[in-house]
Amino acid sequence: MEKLVLHLDNIQKNFGGLSALKDVNLQVEEGTTHAIIGPNGAGKSTLLNVCVGRLKPDMGKVTFDGHELTGRKPHEIAQIGVARVFQTPEIFPELSLLENVMIPAFSKRDGAFRLNGYQQLSAQGELRAEAEHILEDVGLQELMHHIAGSLSRGDKRRLELAMCLILRPRLLLLDEPTAGMSRHDTNRTIDLLKQIKSRGMTKIIIEHDMHVVFSLADRVSVLARGQIIAGGTPEEVREDPKVKEAYLGGAH
Amino acid sequence: MKNGTMNDLTRFAIFAGVVLAMPLWLEPLGANYPDLLQKFAIYGIFAIGFNILFGLTGYLSFGHAAFLGIGSYAAVWSFKLFTMNAIPAVIFGVLFAGLLAYVIGFLSLRRTGIYFSILTLAFAQMSYNLAYSVLTPITNGETGLQLSQQDPRIIDSLFVEAGAGLPSTNLFGMKMSGYPGFYFCAVMLIICFFISMRIFRSPFGLMLKGIKSNQNRMNYTGLNTRPYALTAFVISGMYAGLAGSLLAVTDPLAGAERMQWTASGEVVLMTILGGVGTLVGPMIGAGLIKYFENIFSAFNNNVLADIFSFLPDSVSEVVVSVLGLFVGSGWHLTLGLLFMVVVIFLPGGIMEGIDRVISKFRSSRQPVADNKTVSSQNQPGE
């Protein structure tokens, strides 16, 4: 068995009286793609927020490759090698696509802060080539001098993915990476994500589209009402009666 | 990317040429006397520095006058204690302003948006009140800090006998009043512009633009935004300190009113009027406001009557009495109208107007090629 890199131990998170996550335990193997599925409001995005430091869990801890992530600031977690694609794309809308990708490229090279006021952008040939290469991977190289805010929703998602990939993260968290994309673009994104899989990156993916889940995931966990109710290979989960109930039966 | 057509070196050369030639081309506008030219250069520095913070990071400081004031006080103290040479005065001004900016920035940058603005305003008003009353031994309160015959001037007294009367500021013997004073400020302005240009084109500048655009994404990209914003804040505070010390170099006294909130507001107006986030815009805004303040306010009805003397008497009387409202002490009214027109029709400031004129001129010459890039960039999102 491969090494387990990500551990979520007894995670609990309450919002006021509402408990969003109840004692969630999850282990992810290195280099695999782990899908988290579940009905709306099950706590999927909250779980990712806990992983990247946007939310602090009330109890429990998250460890990635020996680093405890709980209580750290988002930029520290990102420097450890955890990147995230958001449900609504978080990009730099006023800047060009190339600049959007250059910023994470500097973060990868220079760390969280470096006073780099004397160097000029025009002299960053190596990083620029890398940025252009990543944009080519996601199929946006022709638009690289355009302003990111002018992109379509699907293109914004692909740009955000490029921004995460140039960080060469060891753990990539994807929150519905294909929502709002055409079938054609969805398939392209699936191909792209499959390629990264062969590069040995661990991925957690939240997705409603079962086509995407079954094309990509090695393991699936089902989250409902803040608890993991089932887990296993995609085939096992598909046949699990509890899953069918959570999705179809819903009300108790 | 936006102004990729012009090489930075050319841009810098043009800027330097235009600034140094100001006494020539401002003559027809009636603004070529050294006192005013110095003000153009000094407030240009103030606005260019302010723009490094506001234009790049989007943090709107309402307290930059505090740094202008401390720069003046530090410079005058340097004149009093050490020497009348302008160089140490400028260095002290920049240093102390940088220190104060570090403290104020460290505390204020914990908040963003309007809360940040209010915090900086509060700190500046506190500095003003300290200078006005509490710190009177250092600032000489209401009267303002002035030179006096009894000042030690340690370094100067080693070399020259103190003459009768107050000494004047100098640069290794060259008096810093009149045109030499202007050229000293102009050279400082050109250096400041160069540094600002380098910052705009550097990875550091790109990070600042990222902070303005999406601070969340910066954090999740592994970038610690606080030290970046603080560095920008300190740099722009140092620019303001330089401007303040130059005010003292050209006229060696410092008063608390320099720290008033109106002075902080003025630099905001200058930057917005000229064009936030552009390289030259703030300088244009600063020049325009100082021009209005000094030239327009000197117009009176007699001058207007002269201008319109070609009209029949009855008509010219009406014209003069209406226009009279907008000149002289009414110059604020004209400036206010101009500001409204710019903000409503040209949110990118005067620089946006210039860009539009240039691109219109270009597209009428080569309609196919340019239209394509312009329209594709301006496509609405989604």
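Reader: Let's start with a loop: where is A:Thr233 found?

Author: Keep in mind that this is a predicted model. A:Thr233 sits in the loop between strand 10 (227–232) and helix 8 (234–239) of chain A.

Reader: Does A:Thr233 count as buried, partly exposed or exposed?

Author: Buried means under 20% relative accessible area and exposed means over 50%, with partly exposed in between. A:Thr233 has 23% relative accessibility, so A:Thr233 counts as partly exposed.

Reader: And which residues is A:Thr233 in contact with, leaving aside neighbours within four places in sequence?

Author: Those are A:Asp218 and A:Arg219.

Reader: On to helix packing. At what angle do helix 13 and helix 14 of chain B pack?

Author: For a pair like this, look at the angle, then the axes, then the residues. Helix 13 (residues 261–274) and helix 14 (residues 281–294) of chain B pack at about 120°, their axes 7 Å apart. Helix 13 of chain B and helix 14 of chain B are therefore oblique to each other. Helix 13 of chain B passes helix 14 of chain B in a right-handed crossing. Among the residues making the contact are B:Leu269 and B:Met270 of helix 13 of chain B, and B:Ala286 and B:Ile289 of helix 14 of chain B. By class, the contact has 7 nonpolar, 4 polar and 3 charged residues.

Reader: Last one: how many residues does the largest nonpolar core have?

Author: The largest nonpolar core has 150, and A:Leu159, B:Ile45, B:Phe184 and B:Leu246 have the most contacts inside it. Not counting residues up to four places away in sequence, B:Leu246 touches B:Ile42, B:Ile45, B:Val90, B:Phe184, B:Cys185 and B:Met188. Another core, of 28 residues, lies apart from the largest one and includes A:Ile11 and A:Leu223.

Methods
Residues are numbered from 1 along each chain as its sequence is written. Chains are lettered from A and ligands numbered from 1 in the order in which they are written. This is a predicted model: local features need pLDDT of at least 70, side-chain atom pairs count only at pLDDT 80 or more; totals for chains, interfaces and linings use all residues. Side-chain values use heavy atoms; hydrogens and water are left out. Axes are lines fitted to C-alpha atoms, for helices over the stretch in contact, and angles run from 0 to 180 degrees between N-to-C directions. Helices (H or I, at least four residues) and strands (E, at least two) are DSSP runs, numbered from the N terminus. Angles under 35 degrees count as roughly parallel, over 145 as roughly antiparallel, 65 to 115 as roughly perpendicular and the rest as oblique. A crossing is left-handed if the near helix is turned anticlockwise from the far one by less than a right angle, and right-handed if clockwise. Contact means heavy atoms within 4.5 Å. Ala, Val, Leu, Ile, Met, Phe, Trp, Tyr, Cys and Pro count as nonpolar, Asp, Glu, Lys and Arg as charged, and the others, Gly among them, as polar. A nonpolar core is a set of buried Ala, Val, Leu, Ile, Met, Phe, Trp, Tyr and Cys residues joined through side-chain atoms within 4.5 Å. Buried means under 20% relative accessible area, exposed over 50%, partly exposed in between (1.4 Å probe, protein chains only).
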